[in-house]
Amino acid sequence: MWTETYDLHSHSTHSDGEHPVEHVGHLMAGNGVQTWALTDHDTASGWVEASQVANVNGMTFIPGVEITCTPAHPPMDEELSKRERERASASWHLLAYFPNHVPGKTDESVASFLEWLAPKQDGREPRMRAMCARLETLGMPVDVEGVLARAEGSVGRPHLAAAMVEAGYVEDKQEAFERWIGDGNLGFVPHEKPTVQEAVNAVQKAGGVTSLAHPIYYGVPVKRLIEVLKNHEINAVEAVHRSHSDEYRYELMKEATSQGLAITVGSDFHGTSYQQHPGHMPIMLDALIEQIKHA
Ligand SMILES: [Zn+2]
Ligand SMILES: [Zn+2]
């Protein structure tokens, strides 16, 4: 049995999304989403508001976060070319979900997870300053305070890209990434990241579950990838992601479920100006991560 009622990956202005939480929630509900997870980068600051918006719109809310980690496996050239990707991303994104947590309610184990997470989020600001310094040496001075002011929660590269467009250095955000601030480019500075294992341990301790986000970006063959996830006790893989082809979704789902892993589904919605839409991605209910099915 298939459903399109889940969307377990989305961003708001609490990280690098374009819309406030309330608007993201309305768009989700408007597209028929019934179980929604907000997964801003390295921050939980949107959870309370999101759970209220979900309530108003009759959706189940799953508190989530997308944790930026160091890669747990090097990319392989053959896999990258098979998936038509020039290079692998410099980090792995781990989605963490806390289906039993009620946002706003005191929960010591989740509180200690958030304490663990906080420096990762704070690490984003020094990194942004470093990237602005790089751009200045490249002849593109950007007002760093202005970039920081664009973010309500964690600041990210899309905020910088928007400032670069405004300053007239690039035509659009995509060009900013492709020419200057994308992984490995001259204006790019990596930020301090936990290992995948450290992140999994922190999430597990707080009663949460994990899913590896958008594996298409990492250049690891499916069979090997699922082995790595199993070795790290990751619960699921985001087989159904906006940027995955049907074929790749199916390959991941088949391998994951045959190895006892579940799958998750996520639009990775950042905003309508990116031509993105929440929800609308069918997922096989049997394969969906169990803890969230019953949330
Ligand atoms: Zn991501
Ligand atoms: Zn994301």
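**Figure 1. Buried residues of helix α8 in the predicted model.** A176, F177, W180 and I181 of α8 are buried in this predicted structure. Viewed down the helix axis, these buried residues fall within an arc of 115 degrees, so they line one face of α8. The elements that cover the buried residues of α8 include α5 and α7.

Figure 2. Helix α7 spans residues 157-166 and is mostly covered, with seven of its 10 residues buried. Buried here are R157, P158, H159, L160, A161, A163 and M164. Among the elements covering them are α5 (124-137), α6 (144-149) and α8 (173-181). Just after α7 comes G168, which has a positive phi of about 80 degrees.

**Figure 3. The two sides of helix α2.** Helix α2 is formed by residues 47-56, and W47, A50, S51, V53 and A54 in it are buried. The arc that these residues cover around the axis is only 160 degrees, which puts them on the same side of α2. The exposed residues N55 and V56 are carried by the face turned away from the buried side of α2.

**Figure 4. What packs over helix α2, and the residue that follows.** The cover over the buried residues of α2 includes one helix, α1 (21-30), and the strands β3 (35-38) and β4 (60-69). The buried residues in question are W47, A50, S51, V53 and A54. After α2 comes G58, with a positive phi near 70 degrees.

**Figure 5. Contact between the two assigned domains.** In the domain assignment of the protein chain, domain 1 is made of residues 2-122 + 195-293 and domain 2 of residues 125-181. Their C-alpha centres are 25 Å apart. Domain 1 gives 13 residues to the contact and domain 2 gives seven. On the side of domain 1 that touches domain 2, nine residues are polar and four are charged, and no nonpolar residue is found there.

Key: Residues are numbered from 1 along each chain as its sequence is written. Chains are lettered from A and ligands numbered from 1 in the order in which they are written. This is a predicted model: local features need pLDDT of at least 70, side-chain atom pairs count only at pLDDT 80 or more; totals for chains, interfaces and linings use all residues. A residue is buried if 20 or more other C-beta atoms lie within 10 Å of its own, exposed if 12 or fewer, and partly exposed in between; C-beta atoms are placed from the backbone. Helices (H or I, at least four residues) and strands (E, at least two) are DSSP runs, numbered from the N terminus. The arc is that of the directions from the helix axis to the C-beta atoms. Two residues are in contact if their C-beta atoms, placed from the backbone, lie within 7 Å. Domain bounds come from an automatic or database domain assignment. Ala, Val, Leu, Ile, Met, Phe, Trp, Tyr, Cys and Pro count as nonpolar, Asp, Glu, Lys and Arg as charged, and the others, Gly among them, as polar.
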